[in-house]
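Good morning, and thank you for coming.

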Amino acid sequence: MLKKVFVKTFGCQMNVYDSDKITDTLKTIGYEKSENLNSADCFVLNTCHIRDKAKEKVYHEIGRVREVFLNKSKPLVIVAGCVAQAENTEMLKREPYIDLVIGPQSYHKLNETILQFEKNKMKGDVTDFDTAEKFNYLSKIQNKNSKISSFLTIQEGCDKFCHFCVVPYTRGPEYSRPFNQIIDEANMMVQNGSKEIILLGQNVNAYNYNNTKKIFRLSDLIMSLEKINGIERIRYTTSHPKDMTKDLLDCYKDSKKLMPFVHLPIQSGSNKILKLMNRKHKVEEYISTFDYLKKINEKVEFSSDFIIGYPGEEIEDFENTIKLIDTIKFINSFSFIFSARPGTTASKLKPIDEKISKERLKIIQEKLFRYSRLNNKSFENKYIDVLVENEIHGQNKLFGRNEYMNSVIFEGNKNLIGKIVKVKVTKTNQNTLIGELSEKNKFKAA
Ligand code: SAM
Ligand code: SF4
Ligand code: F3S
């Protein structure tokens, strides 16, 4: 009988992709994916280290698992992901309930590590940076997951060392997967039913693969995926403003499948703060990227990430961030209070008053939400293209996304899943567009 693995995932899309790979890998040694922790033989916690309390959250989760299994035999407990990489052996010492700790660049060693543990019960941690080997191994594992929208990691790690960020330490140096390996994986996803491919990397637009004859960039990947029948939409995340090269920008003119929604984190609208953060670009360069894209494709809209209360942020720096938001009118963004991360340069800087940071966060979020609501409202009474992803359980309603990743809900038949349909938006709120199918699509589904 197959054993059961329950995987819980924190963090970014790359962790979501990794968790799928972990379940695919474990399948080959007799574990099937379970949605139920209570009956799991193996519990994998895929962790994120990006902001504070990350470590405590992990121990808290493990404590919960221990309670669930209080009167039952203990599952195999594995901590994976970025906290695992950062803390490694420490975790085994602090929490004896954990059996194995494995970092993100060692997942190709997961099966072997589990089999060893099953044999000799020796606890251990594996945290080498073997990125090339990992992808070689994982790309040979067959997967039959059929998601309409699929993540595809093309690049890992980061060499930029922004002063606030742990990623270069938890994911290691930049690595770009071989071009053909990615195309093969995209083809497999299409065969399994995917219609949208979201290319992933901590620095996705730094993708740079040299096969000794040619250097392949993200733009080459986009234009090649464009030619694959069955792929309807292409997206990528997360990019760095410094790597928005002309070849990539021009894809917004040349590609019909690249969605006009650019998530481009800037973090601050103040050049002084960008310098203190070691972001390696200026606000003016960011704005000229936006202007160029708008010029070549007026449908383009931006979203971003902001860090509020970075050490040294004065009121005029904050006001510059507000000014930038009013200039770009980001349609959907994330904002966080600066969190000092162990081992980073910024963790040694004098923090600013927490009360001030909280007030600034409130102001900025109100502003960002206002632009999101306005953007959503602009769709009211208009027809939009929606890629239908799934049926909402228990209702005769479908869920999909428009070109800008907004969630769209409308009544419809489930045989529209996987299709791009026209939906008339009737109502909106901050997060969702509610609509009804165009008559033409109703007819098609009948
Ligand atoms: N590589 C992307 C870039 O350069 O913009 C960012 C990837 S990071 C995983 C996602 C977001 O987390 C960042 O854009 C930043 O806003 C936020 N973040 C990272 N470190 C942080 C910290 N120490 N405190 C608060 N937010 C942080
Ligand atoms: Fe972190 Fe992104 Fe900066 Fe790299 S470029 S250090 S991932 S914020
Ligand atoms: Fe978190 Fe690691 Fe992603 S720190 S945001 S899971 S790269």
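This is a predicted model: local features need pLDDT of at least 70, side-chain atom pairs count only at pLDDT 80 or more; totals for chains, interfaces and linings use all residues.

The largest nonpolar core has 66 residues, and among these Leu 199, Tyr 236 and Phe 302 touch the most other members. Helix α8, residues 179–191, provides the largest share of this core, six residues. A nonpolar core here is a set of buried Ala, Val, Leu, Ile, Met, Phe, Trp, Tyr and Cys residues joined through side-chain atoms within 4.5 Å. Buried means under 20% relative accessible area, exposed means over 50%, and partly exposed lies in between, with a 1.4 Å probe and protein chains only. Helices (H or I, at least four residues) and strands (E, at least two) are DSSP runs, numbered from the N terminus.

Residues are numbered from 1 along each chain as its sequence is written, chains are lettered from A and ligands numbered from 1 in the order in which they are written, and side-chain values use heavy atoms, with hydrogens and water left out.

Which residues is Leu 199 in contact with, leaving aside its neighbours within four places in sequence? They are Leu 152, Ile 154, Val 204, Leu 218, Ile 222, Leu 225, Ile 234, Arg 235, Tyr 236 and Thr 237, where contact means heavy atoms within 4.5 Å. There is also a second, separate core of 21 residues, which includes Ala 40, Leu 45, Val 77 and Val 101.

Let us turn to helix α2. Its 15 residues, 54–68, should span 21 Å at 1.5 Å a residue, and the 22 Å between its end C-alpha atoms agrees with this; the expected span is 1.5 Å times one less than the number of residues. Within α2, the buried residues are Ala 54, Val 58, Tyr 59, Glu 61, Ile 62, Gly 63 and Val 65. Their cover includes strands β1, β3 and β4 as well as helices α3 and α4.

Next, the ligands. Around ligand 3 we find Cys 12, Asn 15, Thr 47, Cys 48, His 49, Ile 50, Cys 82, Arg 171 and Gln 202, each with a heavy atom within 4 Å of the ligand. The residues around ligand 2 include Cys 158, Cys 162, Cys 165, Asn 203, His 240 and Arg 279.

How many disulfides are there? The count is zero, a disulfide being a pair of cysteine sulfur atoms within 2.5 Å. Cys 42 is buried, at 0% relative accessible area, whereas Cys 48 is partly exposed, at 24%.

Finally, the backbone. Most residues other than glycine have a negative phi, and most peptide bonds are trans. The peptide bond from Thr 237 to Thr 238, however, is cis, with omega near 0°, and Thr 238 lies in the loop between β13 and α10. Lys 329, although not a glycine, has a positive phi of about 55°; this residue is in the loop between α13 and β16 and is partly exposed, at 44%. Asn 381 likewise has a positive phi, of about 70°. Asn 381 is found between α14 and β17 and counts as exposed, at 56% relative accessibility.
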